[in-house]
Amino acid sequence: MNNKILVTGGAGYVGSNLIGKLLDKGTKVRCLDLLMYGDDSIKNYYNNKNFELIKGDIRSLDILEKSLEGIGCVVHLAAIVGDQPCLVAPKLAYKINFTATKLLVDTSIKKKINKFIFSSTCSNYGETENDSLVNEESKLNPVSLYAETKIDCERYISSIDSNIMTCVILRFATAFGVSNRTRFDLTVNSFAYEAITNKQLLIFAANTWRPYIHVNDMSDIIIKLINSDKINNTKNIDNIFNAGFTDQNYTKKNLLDMLKIILPETKIRYIDNDVVDKRNYKVDFSKINKFLNIKSSIGVNQGLREIVYYIKDNKNIEDIFNKSNLEALKTFFSNQESKLNR
């Protein structure tokens with residue numbers, strides 16, 4: 001069995017964190033990334049003998065075949081992530097999120113990859129009818145193109161015979177925390193950024209529920225599943241996990257109450273509190289917690305303090321913000337669409 005790991009989207013928010021942890025364990029890692037946001041997040045790995053970078057597009061069969069040579073396990077993180085980014089160029093987002101994933105799965109089977117770990121999202125649950133916890137058996141109710149692409153991927157991956165390739169689907173909670181490429185379009189990180197830079201927040205639908213997970217915990221879950229032998233003895237349809245921690249379900253107002261303790265000068269204006277965001281769900285994570293015997297290492301409260309200190313310590317935070325968010329993505333999409341129209 002080949003022990004080298006392929007991480008698609010390895011220069012991203014989660015991927016760069018995951019690769020660092022894998023390299024610290026002496027694992028051989030190949031990173032496939034288009035470097036849409038540059039390579040600052042992975043530059044420190046270039047001199048590591050166990051690290052290899054392939055700059056390329058996951059929509060290219062030639063690139064995928066090259067990337068999968070000598071690989072034992074694939075961790076597929078590459079995607080256009082989030083509701084707003086997918087709305088910028090929906091056709092291109094669908095090709096990257098679903099069509100390219102299908103191509104990667106098919107090519108992985110052809111290359112006899114042993115294990116395939118797919119990063120999905122709890123956004124698939126969409127808007128729930130009450131405050132009860134949803135689990136892996138609950139109805140999926142997508143309210144965004146992003147979630148629809150992930151559900152399409154899940155259905156295709158679940159159809160693969162586990163005797164051909166073991167597949168794992170992780171419906172991650174909403175990420176937060178500092179990484180090698182910290183994102184500021186995520187709820188917890190965004191609240192902290194706006195509180196520091198604008199001194200005030202305008203909050204819509206404050207009673208909306210969402211689960212949260214620190215980027216370090218996301219990486220730890222993936223690593224445990226890479227190394228798990230138990231996962232090889234189950235059907236792929238059973239390898240769907242909500243990835244997070246049940247005690248990390250919070251409303252927006254819960255988050256802001258924590259933030260006010262850290263930054264008491266922040267002014268918060270609530271509007272339309274009786275209106276609920278369509279993305280409103282509380283999630284049960286007991287299945288993966290029991291399967292891997294894990295607990296949260298960094299909760300939201302600690303994560304808020306981490307991101308606040310990070311922002312205050314960085315004099316070039318506006319530059320980091322601009323490189324990590326929607327504007328960089330719009331530039332990428334614009335260039336892609338120009339190529340398609342030539």
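1. Let's start with disulfides. A disulfide is a covalent bond between the sulfur atoms of two cysteines. In this predicted model, the count of disulfides is zero. The cut-off for calling one is a pair of cysteine sulfur atoms within 2.5 Å.

2. As for accessibility, Cys 86 comes out at 0% relative accessible area, which means buried.

3. Now for the sheet. Strands of a sheet pair through backbone hydrogen bonds, either parallel or antiparallel. Here you can trace seven strands in the order S3-S2-S1-S4-S5-S7-S11, paired in parallel as an open sheet. Which strands stand at the edges? They are S3 (51-55) and S11 (240-243); each has a single partner strand, so one side of each lacks a neighbour in the sheet. On average, and ignoring direction, neighbouring strands here are turned by 20 degrees against each other.

4. Take a look at the S11 end. Strand S7, residues 166-172, runs parallel to S11, and four bridges join the two. To find your way across, look for Leu 170, which stands opposite Phe 241 in S11.

5. Finally, a helix. H5 (residues 145-158) packs on the sheet and touches strands S5 (115-121), S7 and S11. The direction of H5 makes about 155 degrees with that of S5.

Definitions and conventions
Residues are numbered from 1 along each chain as its sequence is written. This is a predicted model: local features need pLDDT of at least 70, side-chain atom pairs count only at pLDDT 80 or more; totals for chains, interfaces and linings use all residues. Side-chain values use heavy atoms; hydrogens and water are left out. Buried means under 20% relative accessible area, exposed over 50%, partly exposed in between (1.4 Å probe, protein chains only). Two strands pair if DSSP finds at least two bridges between them. Axes are lines fitted to C-alpha atoms, for helices over the stretch in contact, and angles run from 0 to 180 degrees between N-to-C directions. Contact means heavy atoms within 4.5 Å.
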